[in-house]
Amino acid sequence: SKGQPKAANYESDVRAILETAIKIYCAILLTENPFPTSVQEVNWAKKAWSLACQHHSTKLAHDGGILKLIMAWSMHIRGQFKTKARPIVATTFGFEMSANKGVQAKNCLLVGELKQDSAFIFHVQGSSLDEHTGLYTNPAIQQVINEVLFKNKSDDAIKWRKYYNPFPRVAFALALTAIKCAIDEWSSGLHEMIIFKEDDYSGVFGSHLALLNKFSQAAGDLDLVKKLLEQVYNTGW
């Protein structure tokens, strides 16, 4: 709308800092919390602007419009994970768009199987939790992460590796949450778009992150999660 701030309204030197600030802001979200409170958003946007100014060896004041443009990326970055997850989930797990009732019933069944005990996070789904193998190594997870952050040699996770290497546990949990949302879209048997809403999915994200933390602590010195996240970065790169 007319009243919304636009990057194009600013001088080129400000736009350059803004672009960097957005990259840093996204990195903060993906290492801290992709469902931030409004206070966190403001604080992190200011921090990102300050770090971006340092990066460009300059000092420029921000205004409310600049902070709004940066904070808009809370929703944008979550949306990117969800958008990339959608086709990957359909292909990886074998969902089919069809008017055939039998195919729709199969889709419904598949949704139930994948969501039961978060079976979708395993590389191979068995008939029960004890029979699943390859915890956190389902190929869909790495594919979603690659599509958002490792598309090419100058993509965010490579250019800003100090934030992303080893790969952040928070970003990994967000990828799992986006995959869960993309699976939910098939619940009726047909594909129906679901908005990746904070109200519906911040709790899901919290559960995935808590399980990653628990698994990490349970593994003790082995810290398999740390090894997993190092592998995620190295595979993406």
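The legends below describe close-up views of one predicted model. Local features need pLDDT of at least 70 and side-chain atom pairs count only at pLDDT 80 or more, whereas totals for chains, interfaces and linings use all residues. Residues are numbered from 1 along each chain as its sequence is written, and side-chain values use heavy atoms, with hydrogens and water left out.

**View 1. The largest nonpolar core and Phe172.** Neighbours within four places in sequence aside, Phe172 is in contact (heavy atoms within 4.5 Å) with residues including Tyr136, Ile141, Phe167, Leu228 and Val232.

**View 2. The crossing of H1 and H4.** The axes (lines fitted to C-alpha atoms over the stretch in contact) of helix H1, residues 12-32, and helix H4, residues 73-93, come within 10 Å and cross at roughly 70°; helices are DSSP runs (H or I, at least four residues), numbered from the N terminus. H1 and H4 are therefore roughly perpendicular to each other, a term that covers angles of 65 to 115 degrees. Ile22, Tyr25, Cys26, Leu29 and Leu30 of H1 make the contact with Trp73, Ser74, Ile77 and Phe81 of H4.

**View 3. The covered helix H3.** Helix H3, residues 64-71, is mostly covered, with six of its eight residues buried, namely Gly65, Ile66, Leu67, Leu69, Ile70 and Met71. The cover over these buried residues includes H1, helix H2 (38-55) and H4.

How values were computed: Core = buried A, V, L, I, M, F, W, Y, C linked by side-chain atoms within 4.5 Å. Buried < 20%, exposed > 50% of the residue type's maximum accessible area, 1.4 Å probe, protein only. Axes fitted to C-alpha atoms, helices over the stretch in contact; angles between N-to-C directions. Helix = DSSP H or I, 4+ residues; strand = E, 2+ residues; numbered from the N terminus. Parallel < 35°, antiparallel > 145°, perpendicular 65-115°, else oblique.
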